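Biologist: Hey, can you walk me through this one? I'd like to start with a helix and go from there.

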Amino acid sequence: MIKDELRRGIIHENPILVLALGLCPSLAVSTSLQNGFGMGMAATFVLACSNVIISSMRRIIPDKVRIPCFIVVIAAFVTMVQLIMKAYLPALDKQLGIFVPLIVVNCIILGRAEAFASKNSISKSLVDGIVIGLGFTFSLCILSIIREILGSNKLLGLKFFPGYEPMTIFILAPGGFFTIAFVMAVVRYLGNRRKGA
Amino acid sequence: MESFASLIGISVSAIFISNFVLSRFLGLCPFLGVSKKISSAVGMGMAVIFVMVIASGFTWIINRFVLLRFDVEFLRTIVFILVIAALVQLVEMALQKYSPALYEALGIFLPLITTNCAVLGVALINTEINPITGLQFTFFETIVNGTMSGVGFMLALVLMAGLREKLELSNTPEILEGLPISFITAGLMALAFLGFAGLNFFA
C-alpha cells in the first residue's frame, strides 16, 4: 500500500518530470544538492499541512470562493516555513531568496488542493501530500546532483572528480533548461521502452 | 539626471540582464503553456504587463504604508498574494464592463495570472534593495521595474512562440517532442541572454 503510493508519487505522477508542474522553483534552486533538498522539504511540509487543513475544511468552504481560501491556507503555511527557516537555517534562506515566499504560487500545491484534498478524506490527503512532496524532492535532487557535479565539480561541498574542469554554465540559467530537457527525455525514453516491452 | 540614469539602468536590467523568464526562472508555466502561437503569446504578454504594473504599484503602497508602518512584515506573503488575487478579479470585472474588446483579447489569460509567480515575484523584488541605486525602490522606480519586467517577460514569450511555430514543422526525435525540445530551445535563448550580463555600464 505504502509502496504503491510512493511509486505513484515518485514515478507515475512525478510532479516535475511527468506532469511538468512547479517548474520555476525546480529550475531556480537546483544549483546545488543542499538547496534542492531544502526547497523540496519546505514544499513537502507546506503541501502535507495544507492538504490536511483543506481536506478537513472541504465541507465548509463554499465552492465559489474555494481558490482564494486554498491560497490563504497555503500562504499561512508558507509564512511559517519562512519564519522557521529564517530562525534555524539562515544560510539556506539566503540561498533560496524569493523562492521561499514563492512556494505560495507553486502550481503543485494548489493543484493537489484542487484535485485531491478538496475531494478526499484527511488521512488520504495527508498521504497524498507527503507522497507528491517526496516526488518533487526526488526530482529536485536528481536535477541538482547533475547540475552541481557538472557545474561546480562538487557534491554537498566535497570535490567530486579530481582533475575535471567544471562547466560553470550548468549552474547558470541555461544549464537548468538543458538539464531538465535531458532528464525529461530520459524519463520518457524509459517510459516508452517499458510500454513497448 | 541621476534618477533618469537609474531608471534606464532598471529597464535594461529588467528586460535583458535579469530577464524574468530566462535568467530568474519566474513565470515558466505560462512561458511553456501559452507559447504555441504568436497571437496568444502577445495577448498573454499584454495581460501580464498590465497586471504587473498595477500589482507593483499597489503592493508598494501597502508595503510602505501598512506593513512597514505597523511592523508586520512577516505577513508580506499572505497580504501580497491576496492583493494580487483581488486585483486580478477587479481588473477582470472592470475590463468586462468598460472595455469589452480588451476583455475579449485578454480575458482568458487573466485568471491564470493570479498564480503566475512572475507577478508575486516582481512585488517581492520591489521590496528588496534596488541594486542600481543601492536604496529602497521609490514608487516611480517600482512602476518602471514592474512595466519593464513585464516587457522582458513578453519579449521572451513572443520569441519563444515564434521559434515554436517553426519547431512544429521540423522533425524532432520522438523522445524530445513537446516539452524537452522547448526546454532546449529556452536554454539556447538563455545562453544568448547571458551575453547581456556584460552590460553593466551604469554600475
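Biologist: Which residues of H4(A) are buried?
Modeller: In this predicted model, the buried residues of H4(A) are A:Phe70, A:Ile71, A:Val73, A:Ile74, A:Ala75, A:Phe77, A:Val78, A:Thr79, A:Val81, A:Gln82 and A:Met85. Buried means under 20% relative accessible area, exposed means over 50%, and partly exposed is in between (1.4 Å probe, protein chains only). Helices here are DSSP runs of H or I with at least four residues, strands are runs of E with at least two, and both are numbered from the N terminus.

Biologist: OK, and what covers the buried residues of H4(A)?
Modeller: The cover includes helix H3 (33-56), H5 and H6 of chain A, together with H4 of chain B. That goes by contact, meaning heavy atoms within 4.5 Å.

Biologist: What span should H4(A) have, and what do its end C-alpha atoms give?
Modeller: The 23 residues of H4(A) should span 33 Å at 1.5 Å a residue, and the end C-alpha atoms are 33 Å apart, so the two agree. The expected span is 1.5 Å times one less than the number of residues.

Biologist: Before we go on, what are the ground rules for numbering and confidence?
Modeller: Residues are numbered from 1 along each chain as its sequence is written, while chains are lettered from A and ligands numbered from 1 in the order in which they are written. This is a predicted model, where local features need pLDDT of at least 70, side-chain atom pairs count only at pLDDT 80 or more, and totals for chains, interfaces and linings use all residues; side-chain values use heavy atoms, with hydrogens and water left out.

Biologist: What does A:Arg66 pair up with?
Modeller: A:Arg66 meets A:Glu114 in a salt bridge, 2.9 Å from N to O. A:Arg66 lies in helix H4 and A:Glu114 in helix H6 of chain A, so the pair ties together parts that are 48 residues apart in sequence. There's also a network of salt bridges that links A:Asp63, A:Arg66 and A:Glu114.

Biologist: What about chain B, what does B:Arg76 meet?
Modeller: B:Arg76 and B:Glu73 meet in a salt bridge, 3.5 Å from N to O. B:Arg76 is buried at 18%, while B:Glu73 is partly exposed at 35%.

Biologist: Switching topic: how many salt bridges cross between chain A and chain B?
Modeller: Zero, by the rule, across the interface of chain A and chain B.

Biologist: Then how much area is buried between chain A and chain B?
Modeller: About 3,100 Å², of which carbon and sulfur atoms give 85%. Buried area is the accessible area (1.4 Å probe) that two parts lose on being put together, summed over both.

Biologist: Last one: where is B:Ser56, and what does it touch?
Modeller: B:Ser56 is in helix H3 of chain B, and it's buried at 0% relative accessibility. Leaving out residues up to four places away in sequence, B:Ser56 touches B:Val122, B:Asn126, B:Thr142 and B:Gly146.

Conventions
A salt bridge is a side-chain nitrogen of Lys or Arg within 4 Å of a carboxyl oxygen of Asp or Glu.
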